[in-house]
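Open the model in a viewer and keep the selection tool at hand.

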Amino acid sequence: MENVIELRNVNKIFDSFRLNDISLTVKKGFVTGFIGGNGVGKSTTIKLIMNLLQPDSGTISVFGLNYKEHEKEIKQRIGFVFDENVFYENLTLAEMKQIIKPAYSNWDDNLFNHYVKTFELPLKKKIKQFSKGMMMKASLTMALSHHAELIIMDEPTSGLDPIFRRELLEILHQLMEDENKTIFFSTHITTDLDRIADYIAFIHNGELVFTKEIYQIEEEYAIVKGGKELLDRDTEQEFIGIRKSNHGFEALTANKSRIENIFGEMVVIEKPTLEDIMFYTKKGAERFV
Amino acid sequence: MDISSIWLGFLFCIIVIMNAFTVDEKSSISNFLNSLPYTRKEIVSSKYIGAIIFTFMIIFALFMGNFIINKELIDWKEILLVVCLVLIFVSFSFPFSYKFKSQYLLMGFAIMFVAFMAIGNFVLPKIGPMLDTMNLGEKVEWFAQKLFSLQDVQLYGLIAIVNIVLYACSWLLSIRIYSKKVF
Amino acid sequence: MQILISNNSKEPIYEQIYSQIKKQILKNELQAGQALPSMRQLAKDLDISVITTKRAYEELEKNGFIYSVVGKGSFVSEQNHEMIKERKLKVIEEQLVTAIQNSKEIGLSFTELQELLNMLYREED
């Protein structure tokens, strides 16, 4: 299994923020979901992957190539889908195609027409009149029509209704039938990832907390609920983040089997959602402030 | 020959060129352009080449318009002057806009204008006793008249070359600035 | 091949797939040599991640229920049904012995045990 994207020990420092020693890999043929709250380094990481920014130290390689020497080659094989409209508003989809087509050597008009038909996109309407859902589909169409091997999606579903989000999932499922396609999906709407992501990369405060297979997360992480009397100095250390209320406590652990051994039947142990993991990680970090 | 028609040609060109430039400055569009398989060098170069193409298209349109409506041909010296003025304008405004964004261009020009006025009112009077009795507009007219009265083709050739060199330097500078740009 | 996944079950999805396919193979509902859908196609049909079906298929292959041919896909292996039956019979024997011992300890009669077995068997159906 090769790595389509590989970040090694990447550091990037800004005035108010820094990305700290990020080593991230995205495997070919799978969907890697990139999660994290706002302002934690998600967009910075994506900009680094797209070469909109250069790292202060560390290496970035896409398809095993570096940007310095192979920028055009890399970009030929990537399709980007953004969260806002990136096309010229006063042009129509057909006109945008005329601009984009010559840039790509693998452009396929048949594919383009196929997606336009499937997504029911109007070719002669000005882009500024497109709804948000249509714009996302248009963006995706352009990204797919040049046989891109890597699709990078940056918050593609923000602002879209749940029905549309499900439609997108179907589209992505169809795409992933091809084992040569790879998707990198950055989002803070984690429920979008539940049924499609193979790997989850979780970033928090400029650091990569983990990159795991989704079933691994289920095996290792758990939500633990119990009475407050079970908490003391030692047991609190077992948890990443704890929420206490009048009725008891709810906490996240990264070591499910250990908790099962310590508490056994005294607690309720449940499957955590990705949101739980993000929430409790943040809560836990606040504890030490 | 007529200052206003030169000014008109110059203005048309500038408006079209800067409009094309500012449309691409929006952050969403620049994300889009940088996602396409083009190097930053190519993105900058497209603006410079585009500026030249627009200039010639507009001059051609004005030329034909003048020919059809007024039944007269525009003097080649006027055309050269418009092209030179446009190239000089682009040579300064493109790198400036790449570095500071075109919104500040107006401010930049306001500063330049003040400087120009200062030079016109304090520096020039030292050159030629005739000058300090005229106002600015007349000074420009006087300068333009002087220029056109020169028959020397070599002088025009020199002006053209200086312009081209200036444009080329500006081109390279813009590439440098844009390549280092952080989004 | 019918597979039903429960999202709310405690059992991880890949395990659910594994058990259901295994069951069908053992019951001979999936014949030896029969082709299984590709893991990617299965993922799409079940609306789950590819890595989940991949894990299920890997487990099935590890335990000898299926085999894969590069470029062709995955197929049901020849199951030695007799041997499987024998193995299971042994496990049933051991479990029954334990149940009998436990009943003797609390003084449960054979008839009562039979009734219990009857009731439980019918519940399973």
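This is a predicted model: local features need pLDDT of at least 70, side-chain atom pairs count only at pLDDT 80 or more; totals for chains, interfaces and linings use all residues.

Residues are numbered from 1 along each chain as its sequence is written, and chains are lettered from A and ligands numbered from 1 in the order in which they are written.

**Chains.** Select chains A and C: of the two pairs of chains in contact, they share the most contacts. Contact between two residues means that their C-beta atoms, placed from the backbone, lie within 7 Å. Now select chains B and C, which do not touch; their nearest C-alpha atoms are 28 Å apart.

Next, select chain B with chain A. Here 16 residues of chain A are in contact with twelve residues of chain B. On the chain B side, seven are nonpolar, five polar and none charged. (Nonpolar covers Ala, Val, Leu, Ile, Met, Phe, Trp, Tyr, Cys and Pro; charged covers Asp, Glu, Lys and Arg; the others, Gly among them, are polar.)

**Domains.** In chain A, colour domain 1 (3–214) and domain 2 (221–287); such bounds come from an automatic or database domain assignment. Their centres, taken over C-alpha atoms, are separated by 34 Å. Ten residues of domain 1 of chain A are in contact with eight of domain 2 of chain A. Strand 8 (residues 199–204) of chain A gives the largest share of the domain 1 side, three residues. Strands (E, at least two residues) and helices (H or I, at least four) are DSSP runs, numbered from the N terminus.

**A helix.** Finally, select helix 2 (residues 67–76) of chain A. Which of its residues are buried? They are A:Ile74, A:Lys75 and A:Gln76, where buried means 20 or more other C-beta atoms within 10 Å of the residue's own, C-beta atoms being placed from the backbone. Their cover includes strand 4 (57–62) and strand 5 (78–81) of chain A, together with helix 2 (27–35) of chain B.

Terms used:
A residue is buried if 20 or more other C-beta atoms lie within 10 Å of its own, exposed if 12 or fewer, and partly exposed in between; C-beta atoms are placed from the backbone.
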